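The following exercises concern the fold of one protein chain and the packing of two of its elements.

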Amino acid sequence: AFAVFRGGKGIATSLGVIIAIAPMSLIIAIPVWILTFVLSGYVSLASIFTAITYLIAVFVFYPSDIYKIIFAIMITVFAIYKHIPNFKRLRQGEEHRFLYKNQGGSKSK
C-alpha cells in the first residue's frame with residue numbers, strides 16, 4: 001500500500017535553506033529530530049522540537065548575525081503555527097505514529 005503524504009514539505013524545504021545558510025545549527029538540530037522521532041514515533045513532535053532547537057542553535061552558533069536570527073525566529077514561529085492541528089491530535093491521542101504502531105497513536109486506516 002502507498003502512504004498518503006500530506007505534510008512535511010515546509011519542514012523539508014526549510015531544511016534545504018538551513019543547510020545553505022546556517023549549517024552549523026544542524027549539529028544540534030538533526031540529533032534532536034532523530035532522538036525525538038525514535039523515542040516518540042511522531043514526525044510532527046520531532047519537527048516541532050527541532051524547530052525550537054534550531055532557533056536556540058542559531059543563537060549559539062550565529063549570535064551576531066541578525067538576519068539568521070530573524071530567519072530562525074520566523075521559521076520556528078511558522079513551524080509551530082503550522083503544527084497546531086498536530087498538537088490537538090497529539091493531545092487527543094489521534095496523531096499518526098510512524099513507529100510502534102501497536103502502542104497507541106491514531107487508529108490504522
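Contact means heavy atoms within 4.5 Å. The model is predicted, so that local features need pLDDT of at least 70 and side-chain atom pairs count only at pLDDT 80 or more, while totals for chains, interfaces and linings use all residues. Residues are numbered from 1 along each chain as its sequence is written, and side-chain values use heavy atoms, leaving out hydrogens and water.

**Exercise 1.** Describe the secondary structure and the contacts of the protein chain.

Step 1. Helices (DSSP runs of H or I, at least four residues) and strands (runs of E, at least two) are numbered from the N terminus. The protein chain has 5 helices and 0 strands, in the pattern α-α-α-α-α along the sequence.

Step 2. Of the contacts between residues at least 6 apart in sequence, 55% join residues at least 24 apart.

Step 3. Of the 109 residues, 30% are buried, that is, under 20% relative accessible area with a 1.4 Å probe, protein chains only.

**Exercise 2.** Determine how helix α1 and helix α4 are oriented to one another.

Step 1. Helix α1 covers residues 9-21 and helix α4 residues 66-82; their angle is about 165 degrees and their axes are 12 Å apart. Axes are lines fitted to C-alpha atoms over the stretch in contact, and angles between N-to-C directions run from 0 to 180 degrees.

Step 2. Therefore α1 is roughly antiparallel to α4, a term for angles over 145 degrees.

**Exercise 3.** Identify the residues that join α1 to α4.

Step 1. From α1, the residues I11, S14, V17, I18 and I21 meet K68, F71, I75 and A79 of α4.

Step 2. These residues divide into 7 nonpolar, 1 polar and 1 charged. Ala, Val, Leu, Ile, Met, Phe, Trp, Tyr, Cys and Pro count as nonpolar, Asp, Glu, Lys and Arg as charged, and the others, Gly among them, as polar.

Terms used. Parallel < 35°, antiparallel > 145°, perpendicular 65-115°, else oblique. Buried < 20%, exposed > 50% of the residue type's maximum accessible area, 1.4 Å probe, protein only.
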